[in-house]
Amino acid sequence: MPQESYAAPLTVASFFSGIGGFDLGFERADYKLAMQCEIDKYCTQILAKHWPEVKRFDDIKSLSSADVPVSDVWVGGFPCQDVSVARMGPRAGLRGRRSGLFYDFARLVGECRPRVLVIENVTGLLSSHSGRDFQIVIRTLAELGYGVGWRVLNSRYFGVPQSRQRVFIVGCYRDGTGPAEVLFEPERRGRHVAARRQDGEAVVSPFKKSLGDPVEGPVVPGIAYCLYACSARHTGTDWSRTYAVYPKTGRVRRLMPTECEAIQGFPKDWTLPSDPPQDVERVDTLRYTALGNAVTVPVAEWLADRIKPVLARLRKEQPRANSVNGHGPVNGLATLWSPANAVANQGEAGLLVR
Ligand SMILES: C[S@@+](CC[C@H](N)C(=O)[O-])C[C@H]1O[C@@H](n2cnc3c(N)ncnc32)[C@H](O)[C@@H]1O
């Protein structure tokens, strides 16, 4: 097999692709999308609309390592329903049918050993089963040979007006420094953030600020609540929805799907099927659900950019000329990598200590 060229395009394989939040973010950072894996019919339609040429698979359970094109980075946010606190009840965690799909992802990682992994999930993953589920995720990756780090990132700091906290886990194959290089910036801001603007006005929290025409409307909050997967109908959990208000008429409405696309960083009408069904409420429900599940695109793009220098280094340090099927070497890990003190704590950010 020829030696890999360092100049070869960076490639990314997408698992649990949804409507492609990771995929679009990585593409914007100049990665080439090698494949997608998504079981939901509506989401698959949206993926096909934007990436007609990309190889797509449905159920991760029936995916074999031979199906997966060799890719520098694997991204995936496995289903969160069994670890999410939004469920308000006992959480099945990784034993659940949906969140347990993590093990299928891990099986493929074990067989292919991509250089870099990025996993996204709700912050409920940190607390599910008193942290044991998160520990399993980190340990599993460590035992497969990955240096691992994680950080809770909030979309509101990435240029979109939505407060959305998600945990991002980065794994680098046989590399303990890569995750920190990706997730943590060495720069820091000064300690004292100004309490007043230059013109002397007090700084108002974006949560207290409203934007829009105060008479005609629509008036919307400066920062939207976190979008969640929901239907187009009102369901009784409306307290956590963001509303647009029309003061003159007293009318109030929820955000429209196109507005939800904007606050997730997607282009307008990204989630509109090419051939939409007649039933508008049904289409809107599909759009709200998929957007509520999606990764915020600029967060994915930020990670994709920060992974680039790490990949450049790993391509030099770990050439893959002699690997199995072009994937990473699959044997002899245990002696090379010992995840001794995996998961020192389960705070909002951390690194696996070797
Ligand atoms: C949290 S969402 C990921 C959203 C995605 N990151 C995005 O930006 O839109 C999890 C996705 O996993 C998909 N999924 C569930 N079971 C699956 C399976 N067995 N195989 C492949 N995908 C599956 C769901 O349909 C859902 O779209």
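Student: Where does Tyr 31 lie?

Tutor: Tyr 31 sits in the loop between α1 and β2. Keep in mind that this is a predicted model.

Student: Is Tyr 31 buried or exposed?

Tutor: Count the C-beta atoms around a residue. The cut-off for buried is 20 or more others within 10 Å. Tyr 31 has 25 such neighbours inside 10 Å, so Tyr 31 counts as buried.

Student: Which residues is Tyr 31 in contact with, leaving aside its neighbours within four places in sequence?

Tutor: They are Leu 10, Thr 11, Val 12, Phe 26, Val 73 and Ala 304. Take Val 73 as a case. Val 73 is 42 residues from Tyr 31 in sequence, but their C-alpha atoms are 9.3 Å apart in space.

Student: How do I read a sheet? In what order do the eight strands come?

Tutor: Start with the general idea. Strands of a sheet pair through backbone hydrogen bonds, either parallel or antiparallel. Here the order is β3-β2-β1-β4-β5-β7-β6-β12, in an open sheet with mixed pairing.

Student: Which are the edge strands?

Tutor: β3 (55-57) and β12 (349-351), since each of them pairs on one side only. On average, neighbouring strands in this sheet are turned by 15 degrees against each other, direction ignored.

Student: How many bridges join β1 to β4?

Tutor: Four, between β1 (residues 11-15) and β4 (residues 73-76), and the two strands run parallel. Look for Ala 13, which stands opposite Trp 74 in β4.

Student: Which strands does helix α1 touch?

Tutor: Helix α1 (residues 21-28) packs on the sheet and touches β1, β2 (32-37) and β4. Its direction makes about 175 degrees with that of β2. Now find helix α9 (residues 297-317). Helix α9 lies across β4, β5 (116-122), β6 (146-154) and β7 (165-173), at about 155 degrees to β5.

Student: Which residues come nearest to the ligand?

Tutor: Of the 22 residues around the ligand, Phe 16, Gly 18, Gly 21, Asp 40 and Ala 294 come nearest. Sort the shell by class: twelve residues are nonpolar, six polar and four charged.

Student: Where does pLDDT stay under 50?

Tutor: Over residues 329-345. Where pLDDT is low, the predicted coordinates should not be read in detail. The model does have 26 contacts beyond four places in sequence for that stretch. For the protein, the mean pLDDT is 85, and 84% of residues reach 70 or more.

Student: And how many helices and strands does the protein have?

Tutor: Ten helices and twelve strands. Of its 354 residues, 38% are buried.

Methods
Residues numbered from 1 in each chain as written. Predicted model: local features only at pLDDT ≥ 70, side-chain atom pairs only at ≥ 80, totals over all residues. Near = placed C-beta within 6 Å. Nonpolar A, V, L, I, M, F, W, Y, C, P; charged D, E, K, R; others polar. Buried ≥ 20, exposed ≤ 12 C-beta atoms within 10 Å, placed from the backbone. pLDDT = per-residue confidence, 0-100. Contact = placed C-beta atoms within 7 Å. Pairing = 2+ DSSP bridges. Axes fitted to C-alpha atoms, helices over the stretch in contact; angles between N-to-C directions.
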